[in-house]
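The entries follow in the order I made them.

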Amino acid sequence: MQSEFTQLLLQWHTNENTRSMPWKGEKDPYKIWLSEIILQQTRVEQGWSYYEKFIAAFPTVTHLARANEKKVFKLWEGLGYYTRCKNLIATARILANDHKGVFPHTYEAIKALPGIGPYTAAAIASFAFNEPHAVVDGNVQRIIARYFGISTPVDTTAGKKLYQELAQSLLDTCKPGIYNQAIMDFGAVVCKPQNPLCDSCVQQADCEAYNHNLVNQLPVKQKKPVRKERWLYYFLIEYKGKLYIKQRTAKDIWENLFEFVLFESPAAVAEIRPGMPFLKKLLKGRSFAIESISRMYRQQLTHQTLHGRFIRLSVTEPLSSLNDYQLVDKKQLEQYAFPRFITTYLNETVAPAQLF
């Protein structure tokens, strides 16, 4: 028998939920998976266009599996959290090579694929195969914490177990896909993190947080992320109309993306000058000219704040110190996937520059 919460949620979904997205009601596990991976750490408004571009470029998982990695990363450019894209390619290839392009039909088998955690597996299993697994993400945790008045932190082992159990107990096991879509939408448009629509909420009468004035205090998080600051100075070194670029391979931000010659400093560099040690070591006495220095750029990641500048300089002969880089014609840069920190600079019509 459905709980009062579940009945009211499904009634709201039927009668009041007008939230529209291209993947809603989708039964194709490939399209569901693609939408869920894109929407991890991404707003729906931003992810929508990426989803449509991916479906147009790779209509099936086999198309994605056979695609050139460079093309896939280029299409992902701007979404961030590029490990998602790396796992997307890996999973597509597993499905194409080991499963003949067909998604496994069970929650556990889906969850075993690269980049697919409990939430995404529950979404795919319930939407595509009507498997009775409740989705639990930040939206669902927030709804449950407020409705039941739970002060157990969501980011603890006990909290994760508690919220998973409660979410599963509320699930309509006959219509798990519909229920999961309903609670996801409810968290996005009614029980929002800020300024929730409590006055018109169908769950208001039994909501512990509303009845005890705790809406803004729940859910509770135990850990506060420590943000690291990084200072990145990119040198756009030009030789005969070409620039040095390199693909990032370290287990760090932007793995597999391209970048220019990088000097990362532990603190802000007060002055970019020809005699700085990094340039002396890089250029080894060769003549060069600094043409411009950009303004300071800043980008906020989940646990990192990035600061940096872009320095354009030209050389009259190739640099042996950059043998592991490739020289690319400036007109061909758009073929390579760069992180947003760099494309923001490249895409400015006139990059605000401080002449040296």
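**Entry 1: overall**

Among contacts in the protein between residues at least 6 apart in sequence, what share joins residues at least 24 apart? I find 69%. Contact here means heavy atoms within 4.5 Å.

I note that this is a predicted model, where local features need pLDDT of at least 70, side-chain atom pairs count only at pLDDT 80 or more, and totals for chains, interfaces and linings use all residues. Residues are numbered from 1 along each chain as its sequence is written, and side-chain values use heavy atoms, with hydrogens and water left out.

I count 14 helices and 9 strands. These are DSSP runs numbered from the N terminus: helices are H or I with at least four residues, strands are E with at least two. The C-alpha trace spans about 80 × 50 × 35 Å along its principal axes. Of the 356 residues, 47% are buried. Buried means under 20% relative accessible area, exposed over 50%, and partly exposed in between, with a 1.4 Å probe and protein chains only.

**Entry 2: cores**

I looked up the largest nonpolar core and found 96 residues. Such a core is a set of buried Ala, Val, Leu, Ile, Met, Phe, Trp, Tyr and Cys residues joined through side-chain atoms within 4.5 Å. Tyr30, Trp33, Trp76, Trp254 and Phe260 touch the most other members. Helix 8 (residues 118–129) gives the most to this core, with 8 residues. Another core of 20 residues lies apart from it, with Phe235, Tyr239, Ile272 and Leu283 among them. In soluble globular proteins, nonpolar side chains tend to be buried together.

I then checked Tyr30. Beyond its neighbours within four places in sequence, Tyr30 contacts Ile55, Phe58, Pro59, Thr60, Val61, Leu64 and Phe103.

Thr120 is also in helix 8. Thr120 counts as buried because its relative accessibility is 3%. Not counting residues up to four places away in sequence, Thr120 touches Glu36, Ile37 and Gln40.

Helix 11 (residues 176–189) has 14 residues. From first C-alpha to last it reaches 20 Å, close to the 20 Å expected at 1.5 Å a residue. The expected span is 1.5 Å times one less than the number of residues. Is helix 11 mostly covered or mostly open? Mostly covered: 11 of its 14 residues are buried. Tyr179, Asn180, Gln181 and Asp185 are among them. The buried residues pack against helix 1 (4–15), helix 2 (29–39), helix 8, helix 9 (138–148) and helix 10 (157–170).

In helix 14 (residues 340–347), the buried residues are Phe341, Ile342, Thr343 and Tyr345. Their cover includes strand 1 (228–239), strand 3 (258–259), strand 5 (288–294), strand 6 (297–300) and strand 7.

**Entry 3: rings**

How many aromatic pairs does the structure hold? I get 20. Rings of Phe, Tyr and Trp (its six-membered ring) pair if their centres lie within 6.5 Å; planes under 30 degrees apart count as stacked, over 60 as edge-to-face and the rest as tilted.

I picked out Trp23 and Tyr51. Their centres are 5.1 Å apart and their planes at 75°, so the pair is edge-to-face. Trp23 is in the loop between helix 1 and helix 2, and Tyr51 is in helix 3 (residues 44–57), 28 residues apart. Both Trp23 and Tyr51 are buried.

One aromatic cluster is formed by Tyr234, Trp254, Tyr297, Phe310, Phe341 and Tyr345.

I also looked for charges over rings, meaning NZ of Lys or CZ of Arg within 6 Å of the ring centre and within 35 degrees of the ring normal. The charged end of Lys53 sits over Tyr50, 4.3 Å from the ring centre. The charged end of Lys70 sits over Tyr336, 4.0 Å from the ring centre.

**Entry 4: two loop residues**

Glu77 is in the loop between helix 5 (69–76) and helix 6 (83–98). Is Glu77 buried or exposed? Glu77 is buried, with a relative accessible area of 18%. Its side chain makes a polar contact with the side chain of Lys74 at 3.0 Å. A polar contact is a pair of N or O atoms within 3.5 Å; within protein, one must be able to donate a hydrogen and the other to accept it, and residues adjacent in sequence count only if both atoms are side-chain atoms. The backbone nitrogen of Phe338 lies 2.7 Å from a polar atom of the Glu77 side chain.

Ser320 is in the loop between strand 7 (304–315) and strand 8 (326–329). Ser320 counts as partly exposed, at 37% relative accessibility. Leaving aside neighbours within four places in sequence, Ser320 contacts Lys284 and Arg286.
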